[in-house]
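Trainee: Please take me on a close look at one topic, the spaces inside and along the surface, and tell me what surrounds them.

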Amino acid sequence: MAVIGSGPAGFYSAYKVMQGIPNACVDMYEHLPVPFGLVRYGVAPDHPEVKNCEEKFTEVASSPNFNFIGNVKVGQDVALESFTHHYDALLFAYGASRDRKLGISGEDELGGVYSARGFVGWYNGLPEFSNLAPRLDLSDTAVIIGQGNVAMDVARTLLKDVDALRHTDMSDQALTALSKSKVKRVRIVGRRGPMQLACTIKEVRELMRLPSIAFDPINPNLIPQDISNFPRTAKRMTKLLKEEPSISAANAQKSWVFDFLLSPKQFLSGSNASSSHLGSVEFVQTKILGIDPFDPGAKVENTTDCESISTSLAFRSVGYQSEALAGMSELDIDFDETRGIIKNDYYGRLISPNKETDAAKPVSGMYCAGWVKRGPTGVIANTMEDSFATAEAIVADWNNKIPFLSGGDGWDGMKRELATKPLRTVSWEDWLKIDSAEKARGKFVGKIREKFTNPKDMLKILD
């Protein structure tokens, strides 16, 4: 089986397939020279415990029936169609490679407007964003549009004492920029109300407990008073949101606030007419529809009232989205551009339209797992469950002798194809050398590791 993507979805699926099918061989392809995807580049540096799953992934990779093939861009360096000649099964587990946009004026034109995905990638050392250089020194207020867990990570990073981050694997350039940051207040803005928050209790509690950081109390009219019949999770969140700040704004070094019922309308430039940098964000006030404003699934609609927040620094954090790989359409792989997923039967089996009937038909030997299967939602534990479900479908299909791909010689055959190209592939043993070099670099400056932020520097370790 070939797996495209080396994040949690790829590794958890590989683990379960290798466990369920004796002598199954798994070749994992990754476009970067290093593995672990979202775990390496998406998990907040101050949450190292979340990265403990890397130990399990390393255990999977230690099997003689597993190959890691890094620094190979599927659809560019190697045609997707080639996999059908060399493997019995093909699993897409490459996650979400871009963020959703707001689609409003000024979003792409003005400096100071960043994607949360880019900011997180930048401070985590993702090569794609190594040159982002966000200007954290121009504004005392930062506006984050979106109220999910990624938005909370961005807020915590901006508010937290930088000295508490120096021992983590946060990139050195991020630590330098944060040490010069002038941000004193963070506003986390959402279209709906507090009972529709997309973030988890853990993220809210952690932000509330930051030392010397104040938070503005939430308008009590937006929070239900009687929560006796609420489910346990909703009850816990409501109690948390009702808490009084442990420190007053007057005595705090920094502060933050949840702004509710605001929908972004446009990003506006500064007072200078020729300015190409952000000066403020204009929002439309919204109102909750329906008879129950505390319904977690409640919708909102725009009103005619607007308000603006002055700032030179804004982040959009409204979700990620997967993209189709080149060559998918030629293989009858139906990619839903709107939802950003590969169409599947919810168990991970790829399906495509049957031109003769309205019913969808399975695509033999092809599967998907993780965000490219269900959309960019949930935490790593959700991805594990989802990936196990896909793996169980693969094992069941194999045992039931459902048609697969034509099979072949796996990596041995692909290796011959790639040998004709000027490409340096990276094996698991190569990754371990890069891993050791990063840890050594980190130890020198008192950190867990100092990541290489340029693939060329990663490959130099292997010369």
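Mentor: Gladly! On a 1 Å grid over the protein atoms alone, a cavity is a set of points where a 1.4 Å probe fits but cannot get out. The model is predicted, so local features need pLDDT of at least 70 and side-chain atom pairs count only at 80 or more, while totals for chains, interfaces and linings use all residues. Residues are numbered from 1 along each chain as its sequence is written, and side-chain values use heavy atoms, without hydrogens or water.

Two cavities of 30 Å³ or more turn up by this rule. Around the largest cavity you will find M208, F215, D216, I218, L241, W256, V257 and F258 as its lining, meaning residues with an atom within 4 Å of a point. Strand β10, residues 254-259, is the biggest contributor to this lining, giving three residues; a strand here is a DSSP run of E with at least two residues, numbered from the N terminus. Sorted by class, the lining of the largest cavity has seven nonpolar residues, no polar ones and one charged. In this sorting, Ala, Val, Leu, Ile, Met, Phe, Trp, Tyr, Cys and Pro are nonpolar, Asp, Glu, Lys and Arg are charged, and the others, Gly among them, are polar.

Now move to the second largest cavity, with a volume of about 30 Å³. N124, G125, D169, M170, S171, K447, E450 and K451 line it. The classes there are one nonpolar, three polar and four charged residues.

Next come the open spaces. A pocket is an open set of points with protein on both sides within 12 Å along at least five of seven lines. The second largest pocket contains about 410 Å³ of space. Its lining has 18 residues, and K51, E54, K439, I448 and R449 are the ones nearest its centre. Two elements, α3 (53-61) and α13 (428-444), each give two or more residues to this lining; helices are DSSP runs of H or I with at least four residues. The largest share, five residues, comes from α13. By class, the lining of the second largest pocket splits into seven nonpolar, two polar and nine charged residues.

Definitions and conventions: Grid points are joined across faces, edges and corners, and a volume is the space filled by probe spheres set on the points.
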